[in-house]
Structure formats: structure tokens, C-alpha cells
Amino acid sequence: MSHFDWLSELLARYQDERVLVRRGSARELAPAHLLEIDAEDWGRAAQVAAQFGCRWAGVWAEQHDDSLLISAALAYQGDHLLLRTAVPLAAPRLPSQTPYYPGADRMERHVQDMHGVVFSDHPDPRRWSRHNRWAPDRYPLRKDFSVDNAPLPAAPEQDYSFIQTQGAGAYEIPVGPVHAGIIEPGHFRFQAVGEMVLNLEQRLGYVHKGIEKIAEGRDAHGLARLAGRVSGDSTVHHAWAACMAMERAARITVPPRAQALRAVYAERERIANHLGDIGAICNDVAFAFMWQQFARLRELWLRDNAACCGHRLLMDCIVPGGVARDLSAEQVVRLRSAVDPLRRELAALYPILDDHPSLEDRLATTGVLSAEQAQRLGCLGYVGKASGQDADLRRDHPYAPYDRLHVPSPLFQTGDVEARMQVRMQEVLDSLELLVVLLDTLPDGAVQVPWQAPAAGSEGLGLVEGWRGEILSYVRFGADGRIARYFPRDPSWFNWPALELLIHGNIVPDFPVCNKSVNGSYSGHDL
Amino acid sequence: MLRILNKIRQTGLITEDLPRDVVLEQVGAQLRAGIARQFQGSLAIRQVDAGSCNACELEIHALNNGYYDIERYGVHFVASPRHADVLLVTGPVSVHMETALLRTYEATPAPRLVIAAGDCAACGGEFGCSYASRGAVSNVIPVDAVIPGCPPTPLALMQGLLQVLEET
């Protein structure tokens, strides 16, 4: 089946529903297609797409003089489609897409706080990214807002109206933003009866550091460095997505060896994080043996990163036009020879994980996210794959070098903590297999082409399958090769809300393991 | 159970001595001595992410793996600032975390040490100061020492910690 052969059917549906769409250039945002839509049809366009079966994959705005351009991404069978409309800056109202896509809720509120777009029919118009440190009528991503605008005085955020509960025996547990462990900050508000969680509400945005704003005016290399720090555990994948967006905007093709090395870094990042998570999930149910074993394997893996790639977490390895440095023949051998020892270790450890009754007792049937819930939220990565959502960009719309590789993707239906751990366990083995092929068939040649900035107004979309799931990065260039707009959409936007659902009916002491099994990025979401 | 015991036996002891080429071995002894002298043999750290990208947290986590096993020096991480001798702060301080950081600082009993870990905490790093970021931790609370790095490696974190104790 070829790409976008479903598009004519969707366009016919739009015609039936009298939603006027104009086909944009297929070249500008390739491989995504662009559909321009009137602002008043924005909500109905989402309704039709939802009925058609599209996944909702993000929304962002950008200011062009006295109007705001809004783009929303949809995905179907691995292809991406951009809906685009414009609203006047003086009266930026737009129908909400959240009634049809619950996963759009927070991102629309982010656009509301950052650009001042009013989404009519939004079920929950409370602020999201703003915590009272800038005025409610000021919007940081508008052109009249200076990046060094002084924040309002520090004060506790007391007027955010959390969901309340009443009734005999019901009580509330507020947690965070400073959590008990070595972990990113965020606020969780639990309502519980006895040990059972009735409701969880998340309040995020604590590590909002203005990434989208400070990206403006950077050059391409500066943006790659910033992208590598959107979420420190996903430095490779975010840098890759940003560079892919910039390279597509600039019509630059990365040399084959650099493509392969990017995938080597990416699969190593996936393995390192999955190893850490498997151990941490076990630790959260007091299985300290497994935690120490996986922490040990992760440490050895990171040391190979440092020895061969120059950085334990692989920061700044990916640059516009390629990769920062080549691997020597000896380094390739070292990375290749690390594969089999890890496989042997896992062959000893996995059977214990699979066959340990007290572990199964804690992980199986805990924190269940149904396939229907995952589908409605658009959950990605191991959260989606554990709940029947069979999507992996490396397989469904492969980008180089995955277009020449066989990428298997595990799929489970039970949607519990155990399934989310099993996806990770299988993905580690699959990534090791990919690493073997990548390292054994590493093309010769250059690892970088010179960066050449595109004309002002050029835009590009980067799409990669991160270890947490699909990352979408949008870049538009301004004058002199400077960045005019950068929006990195981490998969955590869709996986965080899943945690609010899957915790229902579980006991409070199981929250840490449920949370770890989802492992949303705070930084990647808060921006 | 036998498989677990077998794996433990095969894995053996993996804890490493700090590298011998640096003055670290000496500092290692001083750390233990310093902690014994100043903190009754036990140094409690409350880690606070004030806006980090999470890379620093990953490396701080690694301090607890078997290779570094920082507890052998009497260093341990605690949940409450009320139990802490040291605040180990990462990230540029996001304006949204400013109040929480101040409150955590105020909740830590004196004498308390504040260590800013990582380039962002040291000087603002890639994020600097903006409408959303106060930059370096020292812009918000008094800082006793900084540990540079993006992120600092576990070894750099240990070295930094040793140095702090040596100097105070």
C-alpha cells in the first residue's frame, strides 16, 4: 500500500460534510500533506477526521504580522496531514478540536496561554502552561512579548481550581511539585477513599523554561543544541527531529553514513532508557535485585557511549547536516562487541522477570489503560503499544536509514504495567538486532554536509520514533537563516493524560509504579 | 530464587575505587572523614530539580548504582528537606519553580549547604535568563558550590561533593 492513498477518501468525506478544504503544496512540508481550512470549520474538520480514524498529533500557532497561523497535525497509517487556518490577531477565536480529540485538551490550552487563541467549546479553558508569572492578557509567543520580559513576582499558585471531591471518607493527597525522589517536578492531586484512588488530576508546567521563545533568533546549530535539551533523556531523538525539520526546510540530504550513525545513537538511547525503566519499575515494587542488575547494565552501556561517541547521554552528537563526529573502526568494533554480552545478560534476567510470582502479582492488572482509552488520547510509544495501538514510524513511514531495515514492533493488549514493561523488554532486543545490522553495514563516506540556511519563510516537519514514541518537530526559518518558530511535540503530551485514567481504582501505593511505567517527560511537555 | 542467588554470585562485587590518577583517593578518605567530622558520619542530600531537562537527574540517579555506590561514603538521598544537610539543585530555576525552591530552602534546617549541579544551575546554561527562567540557582538562593557539566558525570558529581566538604 502506498502512502496517502487514503487521502482522497478523507477529502471526499470533507466534501460530503461541506468542509471547504484547499490542498496546499505537497512539497513544502513533505512528507506531510497540507490542507487549508476556514477557521469556522476547524472543529468540524477534526470531527470528520476523528470519524475517519485519524490520530490527532499536535497543534501549534505562529504569528504572521496581524494574524495567527494555526496548524494541527493528523496521522493515519503512518502518514501525516497538516490542517492549517488563520485567525486575526485582534480576535483570535477558533472552534476547539478537543470535543473530538481529548488528547488535544492540554495542547490547545498551551496555545491559549502562549499565543492568546480562544478555543470556543473547549471543555476546560483553565490556564495550563501559565502559572500566574505573566499577566493573563500577555502572550509570550507573540511578537510584542520580549523574551527578557520580567516575570511577575513569585507567589504560590493558589487560584487554580482543582477538581473537588466530597463524601464520607473521601480525602485528598496533594503531591509536589517537589517530589520525594530524584525526579522532575510536577503537581499531582489525588482524591482517595481508604487506599483506593478515585481521581488523579495533574498540574504540570513547573519546568516551563520558554524553549519555544528562546529558540527564536537562533541559528541552526544553536537550535540543535537547544533541541537536545528539550528532554535530557531524549536528547538524540529531539535533536534528530529538529535537524530533520531544518534539513527538510533547507532541502539538505544527510549522507548515508550520518543517517546510519544517527540511528545507532537513537537505538542506543532507546536501549539505555528502557534498561533504566525496567529496573526502576522493579524498584518501585521493592524488587531491588532487578533494579541493581539493570542499573548495572545501563551504566556499562553509558560508558560505551562516552568512550565511542564522546558523551554518556549522547548530547550534541547530532548536528544540522549530519553528525558531529565519525566513529573510528575500533569504536565500531567496540559498540558491536557490546551487543552479545548484553544479550547474554538479558537472557539470564528476562526469565526471572517473566517468572517471578511476587512481581507478577504487583505488575499484572495494575494500572490498566484500555485500548479504547489509548486510541482516544492518541497514546504513543510503549504506552500505546501496551494498549493495542500498533504504531511505529520507523516501520509505518520509515525515514532513512530505517527504510532499508526491518523494524519489528511489539504489541500487547492488556494495557497494564506489566505490558508496558514487556514492550520495553522486547524493544531492547529488537534494538540490539537493529544495532547489529546498522554497525555491520555502516556505509562509508562523509558524516556531514555543510549547512546552508534556506530562504526566509521556509518550513519543515521532523518526525522520528523516539523511545517514548513519535516526536514531531516543526521549524520555520526567518531572515538570515535564523529560527522564526520551533515547536517540539514530545509524546508525553498524550501519555501524561493516560496516567490520569489508568490510575482509577488502583491503590495509592501503586501510583509510583504506575507513574514509572508511563514515565512521561516533564521537561519535554512543559517546554 | 536459585536463579537470583546465582546471578548475584556471578555478578559479584562491582563497586569501583575512584580513579587513582587524581587526588581522589585522598579526597575520598577526606570525604568520609569530613562527613564523620561535620555530619556525624551521615550526609543527607535533598535533590531539587528546579527546571532541569532531566539529564542531570539521570546522572544523579547513577550515583546509586553499584559502580559508584555513593552510600559507602555516608551520603544518602532523603525525601524531606527537613532531613537534609545539603540541597543539590539542578536546572536553570524556572520561574514556575521559584516559589517551590525557596520553600524547600526555607524548610531545610541550618546549617545547610546548597550545591548547584550542572551548567544550567551554575550559570543558566543553554536556557539563560528569560521571562520563564531565572537562570543560575544563585539568582534565587545562596549557593555554596557549583558542579559544572552538561550533565556532570557521576564521577564529576562525586568529585564536586568531595570538594565542597573539603572547602567548608
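This is a predicted model: local features need pLDDT of at least 70, side-chain atom pairs count only at pLDDT 80 or more; totals for chains, interfaces and linings use all residues.
**Close-up views of the interface and cavities**

View 1. Between chain B and chain A, 25 residue pairs are in polar contact, counting pairs in which both residues have a pLDDT of 80 or more.

**View 2. The side of chain B that touches chain A.** At least two residues of this side come from each of helix 1 (2–11), strand 1 (43–49), helix 3 and helix 4 (98–107) of chain B. Helix 3 of chain B gives the most, contributing 7 residues to the side that touches chain A. By residue class, this side of chain B divides into 24 nonpolar, 15 polar and 11 charged residues.

View 3. In the interface, 65 residues of chain A are in contact with 50 residues of chain B. The two chains bury about 4,600 Å² between them, and 61% of this area is on carbon and sulfur atoms. Of the area that chain B buries against chain A, 20% is supplied by B:H96, B:E126 and B:Y131, which is more than any other three residues supply.

**View 4. The largest cavity and its lining in chain B.** A search of the whole structure gives 6 cavities of 30 Å³ or more, and the largest cavity holds about 90 Å³ of space. Its lining consists of 14 residues, of which B:C53, B:A55, B:C56, B:C120 and B:C150 are the closest to the centre of the cavity. Helix 3 (55–62) and helix 5 (119–123) of chain B each supply at least two residues of this lining. The lining residues of the largest cavity comprise 8 nonpolar, 4 polar and 2 charged.

**View 5. The second largest cavity and the helices of chain A that line it.** About 70 Å³ of space lies in the second largest cavity, which is lined by 13 residues, with A:D233, A:E269, A:A272, A:N273 and A:L313 lying nearest its centre. Helix 7 (256–283) and helix 8 (288–309) of chain A are the elements that give two or more residues to the lining of this cavity, and helix 7 of chain A gives the most, with 4 residues. The lining of the second largest cavity divides into 5 nonpolar, 3 polar and 5 charged residues.

Definitions and conventions: Residues are numbered from 1 along each chain as its sequence is written. Chains are lettered from A and ligands numbered from 1 in the order in which they are written. Side-chain values use heavy atoms; hydrogens and water are left out. On a 1 Å grid over the protein atoms alone, a cavity is a set of points where a 1.4 Å probe fits but cannot get out, and a pocket is an open set with protein on both sides within 12 Å along at least five of seven lines; lining residues have an atom within 4 Å of a point. Grid points are joined across faces, edges and corners, and a volume is the space filled by probe spheres set on the points. Ala, Val, Leu, Ile, Met, Phe, Trp, Tyr, Cys and Pro count as nonpolar, Asp, Glu, Lys and Arg as charged, and the others, Gly among them, as polar. Contact means heavy atoms within 4.5 Å. Buried area is the accessible area (1.4 Å probe) that two parts lose on being put together, summed over both. A polar contact is a pair of N or O atoms within 3.5 Å; within protein, one must be able to donate a hydrogen and the other to accept it, and residues adjacent in sequence count only if both atoms are side-chain atoms.
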